[in-house]
Amino acid sequence: PASTVPGLVMNPHIATIVFLVGIWGLFRLDRDDTVRTSKALWIPVLWLLLNGSRPLSLWLQVGPTIDTAGQYLDGSPFDAAIWGVLLAGGLIVLAGRSRQVGALLRANAPVLLFFAYCGLSLLWSDYSFVALKRWTKAIGDVVMVLVVLTDPDRVSALKRLLARVGFVLIPLSVLL
């Protein structure tokens with residue numbers, strides 16, 4: 001698509017390259033060697049990037065297009081695999097931080113009760129399998145929050161998480 005500025009037309013491929021270089025530049029400018037966050041922070045970053053954008057199967061044009069409500073309910077096996085890998089990665093990180101995770105979960109018992117009720121509601125759902133998939137994804141959200149909150153420097157981890165996601169999603173939303 002052409003630019004909306006009269007007389008200015010930019011090739012979409014060139015625009016993509018310019019934006020990718022800009023995103024790379026943002027990451028380079030944000031480097032702060034005094035702040036130490038865990039490498040595991042990239043798991044919630046990817047989780048948020050995919051939640052805040054299109055499914056990866058649409059970005060990579062993998063699998064069939066979704067044309068009907070039934071196909072939407074079924075979802076993409078490719079995307080399910082990506083979500084599963086990220087969820088497993090988050091759980092592995094939390095297994096190593098079990099002491100902090102336990103303390104956070106005990107301090108947030110009402111949230112656990114809510115998710116337990118949601119899990120129980122799967123029993124009377126009209127679409128139990130779809131509800132199970134969405135409940136699992138919601139549990140993944142909690143796992144990603146716990147990965148950030150159990151980072152040794154949780155404030156810096158949260159700042160870095162939001163910055164990294166913003167560095168990618170905002171320019172891409174302008175580009176697309």
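The dialogue below works through helix packing and aromatic contacts in a predicted model.

Trainee: What should I keep in mind before reading the model?

Mentor: This is a predicted model, in which local features need pLDDT of at least 70 and side-chain atom pairs count only at pLDDT 80 or more, while totals for chains, interfaces and linings use all residues. Residues are numbered from 1 along each chain as its sequence is written, and side-chain values use heavy atoms, with hydrogens and water left out.

Trainee: How many helices and strands does the protein have?

Mentor: The protein has nine helices and zero strands, where helices (H or I, at least four residues) and strands (E, at least two) are DSSP runs numbered from the N terminus. Of its 176 residues, 28% are buried, meaning under 20% relative accessible area, with exposed being over 50% and partly exposed in between (1.4 Å probe, protein chains only).

Trainee: Which residues of helix H2 are buried, and which helices do they pack against?

Mentor: In H2 (residues 42–51), the buried residues are Ile43, Pro44, Val45, Trp47, Leu49 and Leu50. The buried residues of H2 pack against H3 (56–60), H5 (77–96), H8 (128–149) and H9 (154–175), a contact being heavy atoms within 4.5 Å.

Trainee: How is a packed pair of helices described?

Mentor: Two packed helices are described by the angle between their axes and the distance between the axes. The axes of H2 and H8 come within 9 Å and cross at roughly 140°; axes are lines fitted to C-alpha atoms, for helices over the stretch in contact, and angles run from 0 to 180 degrees between N-to-C directions. H2 and H8 are therefore oblique to each other, since angles under 35 degrees count as roughly parallel, over 145 as roughly antiparallel, 65 to 115 as roughly perpendicular and the rest as oblique. On the H2 side, Ile43, Pro44, Trp47 and Asn51 make the contact, and on the H8 side Lys137, Gly140, Asp141, Met144, Val147 and Val148 do.

Trainee: How is a pair of aromatic rings described?

Mentor: A pair of aromatic rings is described by the distance of the centres and the angle of the planes. Rings of Phe, Tyr and Trp (its six-membered ring) pair if their centres lie within 6.5 Å, and planes under 30 degrees apart count as stacked, over 60 as edge-to-face and the rest as tilted. By this rule there are five aromatic pairs. One of them joins Phe114 and Phe115, edge-to-face at 5.5 Å centre to centre with 80° between the planes. Phe114 is partly exposed at 49% relative accessible area, whereas Phe115 is buried at 16%. Ring pairs also link Phe27, Trp42 and Phe167 into a cluster.
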